[in-house]
Amino acid sequence: MMLCCTAQAQVTDNYPADYAGDRIRFHALFIWDPNAESAHVEFDQQALHFFHKLSYGEGFTYDVRTECPNRLDSLQRYDVVVMLNALPQAADQRRAFEQYMEQGGGWIGFHATGYNDKDTHWPWFNEFLGCGIFLCNNWPPQPALVEVDTQQHPITRTLPKEFVVPASEFYQFSPSPRANKDVEVLVSISPKNYPFGIKDIVLFGDFPIVWTNKNYRMVYLNMGHGDEGFIDATQNLLFTNAFRWVSLEATESIKATKANGK
Ligand code: ZN
């Protein structure tokens with residue numbers, strides 16, 4: 001019998017798997033901008049392929065849009081919204097997204113989704129993202145040694161303490177998300193990379209690239225520039241863990257955090 005396909009097994013306390021069978025576990029929405037800069041479009045298209053493969057067997061269903069919904073009920077159909085280099089720009093889109101997240105929505109943002117500066121004019125987003133404005137970046141895109149800040153979190157517990165991530169452009173923010181008591185930093189660019197870059201060189205500074213704001217069911221991942229985002233198994237595992245945690249586990253973990261008064 002092909003257990004992997006027929007999924008007839010009963011889930012019991014001593015059975016080591018929970019086969020979904022015909023049960024769709026959750027619904028996801030992916031948002032990307034086909035008119036973004038070409039290196040972001042490259043990443044986004046590869047990301048859509050990557051997450052499509054995670055949907056094999058319909059453990060989850062998903063939709064893809066090129067515009068952020070401007071109505072709360074359009075977002076509330078989804079357990080998780082993944083923004084691939086696309087941040088809501090219009091006032092009604094921003095308002096709908098704020099309401100969705102404040103009411104327990106799930107979010108994963110990649111790379112330019114977190115980009116904001118003095119012209120963004122969206123204070124709620126900085127409170128949500130948990131850091132300040134864009135400060136600087138390395139250029140050109142290049143691989144980097146990263147450090148896992150905690151291996152206690154479900155997103156990072158299967159990752160090595162240090163590993164090399166594929167080439168990308170990485171943003172430093174000011175103030176750093178690490179200065180925010182509500183933020184748990186998960187992965188950072190190692191200071192061993194400094195001086196980091198060839199044309200544009202980052203010389204120093206606190207450099208988190210993956211974190212969660214514990215007040216929300218969210219993860220931000222700064223990777224997302226160019227066509228190498230999915231060539232590395234360790235980084236792919238990080239992305240899968242992040243997607244899985246936000247979609248399936250984060251609600252319980254946030255409840256536990258709040259119950260403990262943290
Ligand atoms: Zn970029």
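Which residues line the largest cavity? The points below take up that cavity and then the other sites.

1. Basis. This is a predicted model, in which local features need pLDDT of at least 70 and side-chain atom pairs count only at pLDDT 80 or more, while totals for chains, interfaces and linings use all residues. Residues are numbered from 1 along each chain as its sequence is written, and side-chain values use heavy atoms, with hydrogens and water left out.

2. Cavity. The structure holds 1 cavity of 30 Å³ or more, with a volume of about 30 Å³ for the largest cavity. Its lining consists of Phe43, Pro166, Ala167, Ser168, Met223, Gly224, His225, Glu228, Gly229 and Gln235. A cavity is a set of points on a 1 Å grid over the protein atoms alone where a 1.4 Å probe fits but cannot get out; a pocket is an open set with protein on both sides within 12 Å along at least five of seven lines; lining residues have an atom within 4 Å of a point. Grid points are joined across faces, edges and corners, and a volume is the space filled by probe spheres set on the points.

3. Cavity lining. Strand β7 (residues 162-168) contributes the most, with 3 residues; helices (H or I, at least four residues) and strands (E, at least two) are DSSP runs, numbered from the N terminus. By class there are 4 nonpolar, 5 polar and 1 charged residues, where Ala, Val, Leu, Ile, Met, Phe, Trp, Tyr, Cys and Pro count as nonpolar, Asp, Glu, Lys and Arg as charged, and the others, Gly among them, as polar.

4. Gln235. This lining residue sits in helix α6. Gln235 counts as buried because its relative accessibility is 1%; buried means under 20% relative accessible area, exposed over 50%, and partly exposed in between (1.4 Å probe, protein chains only). Beyond its neighbours within four places in sequence, Gln235 is in contact (heavy atoms within 4.5 Å) with Phe163, Val165, Pro166, Met223 and Gly229.

5. Zinc site. His40 (NE2), His111 (NE2), Glu169 (OE) and His225 (ND1) coordinate the zinc ion at 2.1 to 2.2 Å. Donors are N, O and S atoms within 2.8 Å of the metal (3.2 Å for Na, K and Ca); water is not among the atoms, so sites may look incomplete. The arrangement is irregular because the 4 donor atoms subtend angles of 90 to 159°; four donors count as tetrahedral if all angles lie between 85 and 135 degrees, four count as square planar and six as octahedral if opposite donors are over 155 degrees apart and all others between 65 and 115, and anything else is irregular. His40 in helix α2 (residues 38-54) and His225 in the loop between β11 (217-221) and α6 (233-259) link distant parts of the chain, 185 residues apart. Both are buried.

6. Second largest pocket. The volume of the second largest pocket is about 270 Å³. Helix α6 gives the most to its lining, with 4 residues. The lining has 6 nonpolar, 2 polar and 3 charged residues.

7. Backbone. Most residues other than glycine have a negative phi, and most peptide bonds are trans. A cis peptide bond joins Trp139 and Pro140, with omega about 0°, and another cis bond joins Tyr194 and Pro195, with omega about -5°. His121 has a positive phi of about 55° and is exposed, at 63% relative accessible area.
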